[in-house]
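Please load the model in your viewer and keep the selection tool at hand. The stops below are meant to be taken in order.

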Amino acid sequence: MNTHFCMTRRRFLQSAAASLAASCLPSPAWAASTVAPGQFRRGGMVYRPLGKTGLNVSMLAFGSHTDQVYKLRGGIRNVLSAEGQERRDRQISKAIDLGVNLIDVYEHEGQWEPLAKLIKSKRDKLFISGAYDNPEFIGTNIDRLAKLYGGYIDLYRIRSETIAFNRSSLLEQWDVLRRAKEAGKIRAVGIACHMENTMVSALQELDGLEFLMLPYNFIHAKADYSQFLPAAIERGLGLICIKPLAAGSVVGLDPRMKSGTKSENSRFMLFNSSPGSRAILPAVVAELAKTLNQLPDESLPQAAMRYVFSKPFLSCAMAGMFDDQFVEDNHEALTRYDEMTREEHAALDAAREYTRLAGPAWLAQEYQWLEEQWRA
Amino acid sequence: MARVNLARTFHNLAGRSCCFALIQGGAAAPPCHSGCGSFRQRYAISGLGLLAAGLLFLTQMPLPAQPGRPQELDKAGVCSRCHVTVALEWGIAKHHTITNGTRVPNCTGCHGPSLGHVMDEENGIKPDRIPRGAAIATLCLECHEDGCPKTENVKDCQTCHHPHALVNPTFDPADTEARAKQLAVQQDAYKARLAEGEQWAQAGRWEAARDAFRAALKENPASSRAQEALLMCERRLKPGIPGFKIVGDQFDAPSGLPKEIVMDGLGLSLVLVPAGSFDLGSAQHSDTQPVHTLTIAPFYLGKFEMTQGQWKALMSTNPSFYQGEKFPQADTLPVEQVSWEDCQKMLAEINKKAPGGGFRLPTEAEWEYAARAGSAGPLPATEVLRYAWLRENSEPANPAPPVRTGMYLIGSGVIASPHPVGTSEPNRWGLYDMLGNVSEWCSSLFQPYPYDAGDGREAAAGQGARVVRGANFADAADAADAALRHSDRPDLRLRWNGVRLAFSPPAEGQSAAASQK
């Protein structure tokens with residue numbers, strides 16, 4: 001994959017024309033610009049405010065999922081092999097060097113202790129995000145996590161895939177979360193969910209909600225969450241994009257990915273590993289290949305990341321990164337922070353069409369049920 | 001851009017007057033904000049207002065002749081660099097020339113050192129104390145022990161006097177000598193009657209004391225001291241509160257109220273929380289600032305949290321989560337899973353049974369005052385477990401180990417549970433479980449500090465989240481801080497939210513009327 005970007009005259013003119021056209025088109029206030037209020041750049045990284053929390057987070061955040069190839073099975077939690085842990089630590093260190101300041105950590109991925117050890121000397125410069133994913137009492141979970149990270153955790157969330165946030169157990173969890181924040185153990189409280197009606201319910205039911213993690217990518221933009229987004233933006237909620245590459249499945253759509261690069265689960269790399277699919281949809285595949293050829297300096301995942309970065313209502317994109325190259329590529333997408341080009345849109349349109357015709361099989365099995373919910 | 005220029009203009013103007021502590025090269029001034037450039041930028045938004053204030057000051061107040069400058073600005077120290085007008089107002093009454101032992105009536109004397117406020121460029125940290133209402137009189141009385149030299153008034157000083165200039169604008173300096181003499185005679189008589197009454201009261205001669213206080217009040221009808229003393233005597237002469245039994249023979253000396261009472265029938269024990277002043281809030285948490293001084297009138301508060309048995313006796317239902325076969329002592333467990341709205345219905349019921357009513361939820365200020373029981377800060381986490389049932393002493397010693405099911409492990413996992421009320425140690429004022437067992441609803445709407453009961457936050461019909469105070473059995477010991485504030489929607493029922501009743505002691509007239517009924 002190419003790692004350097006040059007602003008050619010042609011690209012410059014295209015960007016300028018696109019900006020001009022965009023400024024002339026009527027659009028909602030929150031979608032009118034690719035620059036978020038309060039956004040600033042330091043070095044190669046762009047930072048945005050996370051809603052009204054007072055935290056400025058890097059637009060590229062490090063996700064919590066770990067590479068399945070290096071997971072040791074057995075026990076209550078996943079544990080990485082020594083090699084896998086060394087790779088992950090190296091990737092996180094690289095991300096921090098590139099300006100990433102938000103790192104997510106799951107206990108069930110066995111990463112609480114390794115990450116705490118890795119970032120100990122830089123704790124005050126980083127935001128650590130945690131989630132409730134353990135059957136123990138949520139208050140105990142928060143206390144244990146906060147203790148590991150210097151007495152507080154920056155972001156903490158609960159998850160719900162139920163229809164509404166009015167179940168007593170969820171409201172109890174939320175109450176505990178708010179109490180922990182009042183006691184100074186959490187800096188910002190939020191939720192993660194994958195369904196728009198759940199998000200709308202959360203806005204209504206959860207007092208003090210500060211941020212929300214929602215799936216968002218060029219395929220699964222769910223018509224820009226027409227119900228949820230305007231209300232969330234009006235309320236000043238911090239929005240963190242999860243699955244910007246559809247749990248890594250977008251990687252599998254690019255035929256030019258280097259050997260060795262892989263999605264979260266390489267069995268779903270349809271383009272590379274399922275040549276049969278090309279025979280099924282030859283015209284669509286040809287169109288995708290043609291549009292990608294118009295992006296000589298850019299991969300499909302980079303264009304997909306740029307699509308997410310161009311949305312001013314998102315504070316950051318949290319991507320799982322299992323490879324040094326992915327960290328660099330995702331960061332490089334940020335260095336190209338300008339209006340998306342016509343070629344990039346064309347490539348994303350072709351990829352979207354390909355996945356639509358291919359059906360949900362292009363996604364990892366555990367995410368296929370979301371295809372109907374997410375599809376824009 | 002224009003706003004920045006306005007601010008710069010103001011600052012330049014002010015620099016010649018307000019900031020001449022710096023310009024004239026006097027003693028090194030204490031730090032105040034981190035730099036003028038920053039001041040200009042950050043305070044640009046208030047440029048118009050500041051400019052207006054600066055110009056007003058420059059035009060209305062004579063600039064001091066060089067090299068001198070108003071002494072009060074020096075005395076006000078760093079405060080005068082922003083609060084110029086206030087410092088000059090303060091100088092009018094010459095209080096800057098007074099010291100009374102360790103008590104100095106200057107900015108920090110009333111507002112505290114306020115170091116956070118001084119250092120905070122964003123002006124987000126307020127002074128340590130912003131005395132309001134009765135708290136102002138408390139400060140005045142530190143030196144003016146007998147109250148107002150003219151009226152003997154010991155409260156609401158600010159109704160006549162400017163809070164900083166301290167002068168009484170209605171005072172006529174040409175007051176006649178005759179009136180002054182008459183006042184002096186009245187004053188002497190008043191003081192004599194008051195002293196006499198206090199002597200009788202000390203001897204337990206309540207009727208004689210009452211007569212003396214009545215006579216004192218006749219001499220000085222505005223004296224709240226005499227009024228309170230009279231009320232105390234009347235209470236001691238008729239100590240009963242209709243519908244309640246007095247427990248023991250202890251009475252609160254200033255108010256004359258019995259220290260503990262129990263409601264007939266329901267067996268509801270109430271402890272008197274004595275009158276006093278305290279600092280509400282804490283600098284440790286964001287929602288609890290600024291710390292400010294409040295004065296609380298005496299009131300009764302439930303010795304224990306309301307139990308499931310008492311709730312059932314009143315409401316014929318038990319909404320609690322912790323009941324049934326697993327909890328044979330449920331009647332003595334605190335009632336929980338009640339909303340603020342449920343509590344209002346319960347209060348309506350109990351007030352039907354109490355002659356004259358008077359039951360209510362405590363305000364959050366009352367709750368914190370009672371929970372602190374005279375202490376300033378939180379107890380150490382190890383010590384607090386003697387006084388409160390918290391997660392550390394409410395969870396079973398060997399809980400079942402977690403089991404992984406599928407990709408994610410989710411469960412409510414609450415394994416701690418409440419304890420029967422009154423089974424931990426009481427606080428200094430005899431109140432049990434203030435910092436643990438269940439959290440307790442307060443009457444107040446959750447609004448930012450400073451607390452002001454008159455600003456609508458105590459309105460029963462007000463909309464919004466209501467304050468819940470105190471940690472509970474599911475909280476860790478480090479959350480058992482009396483200053484911590486929490487709020488919930490008034491219709492929310494959680495298994496750790498309960499209630500503790502407050503009761504307003506009837507005034508003497510009400511009490512008598514209720515007895516006759």
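Predicted model: local features only at pLDDT ≥ 70, side-chain atom pairs only at ≥ 80, totals over all residues.

Residues are numbered from 1 along each chain as its sequence is written, chains are lettered from A and ligands numbered from 1 in the order in which they are written, and side-chain values use heavy atoms, with hydrogens and water left out.

**Stop 1: helix H5, chain A**

Over all chains there are 44 salt bridges; the term stands for a side-chain nitrogen of Lys or Arg within 4 Å of a carboxyl oxygen of Asp or Glu. Select Asp175(A) and Arg179(A), a salt-bridged pair whose closest N and O atoms are 3.3 Å apart. Helix H5 (residues 168-182) of chain A holds both residues, 4 residues apart, about one turn of the helix. Helices (H or I, at least four residues) and strands (E, at least two) are DSSP runs, numbered from the N terminus.

Are Asp175(A) and Arg179(A) buried or exposed? Both are buried. Buried means under 20% relative accessible area, exposed over 50%, and partly exposed in between (1.4 Å probe, protein chains only).

**Stop 2: helix H14, chain A**

Move to Glu353(A) and Arg356(A), where a salt bridge has its closest N and O atoms 2.8 Å apart. The two residues lie in helix H14 (residues 342-358) of chain A, 3 residues apart, about one turn of the helix. Glu353(A) is partly exposed, at a relative accessible area of 31%.

**Stop 3: helix H10, chain B**

Select Lys191(B) and Asp146(B), whose side chains form a salt bridge of 3.8 Å, N to O. Lys191(B) belongs to helix H10 (residues 177-202) of chain B and Asp146(B) to the loop between helix H9 (134-141) and H10, so the pair ties together parts that are 45 residues apart in sequence. Lys191(B) is partly exposed at 40% relative accessibility, and Asp146(B) is partly exposed at 39%.

**Stop 4: the sheet in chain B**

Show the open sheet of 4 strands in chain B, with the order S10-S9-S8-S11 and mixed pairing. Strands S10 (485-488) and S11 (497-498) stand at the edges with a single partner strand each, so one side of each is left without a neighbour in the sheet. Two strands pair if DSSP finds at least two bridges between them.

Finish at strand S8 (residues 439-445) of chain B, which runs parallel to S11(B) and is joined to it by 2 bridges. Pick Ser439(B): its bridge partner in S11(B) is Asn497(B).
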